[in-house]
Amino acid sequence: NRQWVLASRPVGAPALSNFNFLESEKPTPKQGEVLLRTVYLSLDPYMRGRMSDAKSYAEPVGINEVMVGGTVCRVEASHHPDYEIGEWVVAYSGWQDYSISDGSGLLKLGKAPAKPSYALGVMGMPGLTAYMGLLDIGQPQAGETVVVAAATGAVGSLVGQIAKLKGCKVIGIAGGEEKCRSAVEDLGFDACIDHKSPDLAEQLAKTCDKGIDVYFENVGGKVFDAVLPLLNPSARVPLCGLISQYNATELPKGPDRMPMLMGTLLVKRIKMQGFIVFDDYGHRYNEFSQDMMQWLQEGKITYREDLVEGLENAVESFIGLLDGKNFGKLVIKVGPD
Ligand code: NDP
C-alpha cells in the first residue's frame, strides 16, 4: 500500500521534502469493514490549508499522517452487509492505494458508473461550490456582468458556464493566453483576461464597461485589486477562495488598503460573503445534482479534467496546482478501473 504522508509543515510554497512516500502491507478489513482500492484521487487547493497548523475551519493533517483527499474507490473486499465487491464509492480516503472503511461517509456510485471521476469534479465538491456560491450568494440576474477568476479551473469554469445559462455577461480571468482562449472558445465566456498581463486592471475596466455585478472570488491579491473599483452598487461577492495567498508567509507590503475596501463596501452597499461548501450547502446536494446532471446531459456544460497518471506524481501535481500548472479539474489516476 503506497501512501503519501505529511513529513513537515511547509513555510511558503510546499516542496517535495514536506512529504514522504511510504510503502506498507495492504490492510485487511475486519467484520463490518470494507477494503477500498483508490482509483481516482482529487487534488484541491484546500489541501494547502490542511498542511498548516494555523487555526482554520478544519483540523490539520498530523505529521506522518496520510494526506487527506476525496477519492473514488472500488470495493475490493467486503465484510460489511451493505457493500459488495466491485461496487464504486466516493470516499475521503486520501493519498493512498488502499484504505479501510466502516461505511461511514461513503457515497455509493453503483457497479458501473459511466464517468466515476466526475464525482470529484463537476458532479462533486467543486460543482456544488460553483453552483451554490454563484446562485445562492451571487444571485446573478439576466443581463448582469459576472466576473470569475481561476476561470478554467474546477470551480471557475463551472461558475462562468452557469452564469451564462442564467443570461449573464461573463468575464473570466485566467493565467496565460491558452487558458484565456479556452475560456472563450470552449466554455463560452464573453471574454477572458490574462492576470499575468501588466495592464490587467485597464483591460478589465474596458471589458466590464457596465461595471461588475457579481464577482466570484477564487483568488484574491492583485486580481481583487483590479476588481474592487469596478464593483457596481449592490454588487455581490461570493468569497470562495484566496489561492494567491495560500503560500504567503506575511501580509502584502504597501499602504494599508483596508479603509478603501471598507469604504467601497459601505457606500456601494456591496454584499461579500464567505462560505465553506459542505458545512453550508452539503444538505442541498440533491438540488445541485439534479440541475447539473441535466445540463451535462443536454450538453450545456463543458467539463475539462486534468488527469495525471500515478500516485507517485501527486506531490508534483499538487505543487503545480498552487502555481496554475493544472488546466481543468486536477485528478490523479491511482489504480486501474
Ligand atoms: P483550480 O482548478 O481553479 O486550480 C487552481 C487555479 O488557481 C490555478 O490553476 C490557477 O489558475 C489559479 N491560481 C493559482 N495561483 C494564482 C495566483 N497567484 N493568482 C491568480 N490565480 C492563481 O482550483 P479549484 O477550482 O479547485 O479552486 C478554486 C478556488 O476555490 C480556490 O481558491 C479554492 O480554495 C476555492 N474553493 C473553495 C471552496 C469553499 O468551500 N469555499 C470549495 C472548493 C474550492 P490560472 O492559471 O488561471 O491562474
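Start by selecting α2 (125-138), α3 (154-165) and α6 (221-227): each of them supplies at least two residues of the shell around the ligand. (Helices, H or I with at least four residues, and strands, E with at least two, are DSSP runs numbered from the N terminus.) Keep α3 highlighted, as α3 gives the most to this shell, with three residues.

A word on what you are viewing: this is a predicted model, where local features need pLDDT of at least 70, side-chain atom pairs count only at pLDDT 80 or more, and totals for chains, interfaces and linings use all residues. Residues are numbered from 1 along each chain as its sequence is written.

Next, select the whole shell: 31 residues surround the ligand, the closest being Gly153, Gly175, Gly241, Ser244 and Gly324. (A residue is near a molecule if its C-beta atom, placed from the backbone, lies within 6 Å of it.) Colour the shell by class and you will find 16 nonpolar, twelve polar and three charged residues. (Ala, Val, Leu, Ile, Met, Phe, Trp, Tyr, Cys and Pro count as nonpolar, Asp, Glu, Lys and Arg as charged, and the others, Gly among them, as polar.)

Now colour domain 1 (2-121 + 304-333) and domain 2 (125-278); such bounds come from an automatic or database assignment. Where does the ligand lie? Both domains give residues to its shell, so the ligand lies between them.

Last stop: 15 residues of domain 1 are in contact with 14 residues of domain 2 (C-beta atoms, placed from the backbone, within 7 Å).

Definitions and conventions
Two residues are in contact if their C-beta atoms, placed from the backbone, lie within 7 Å.
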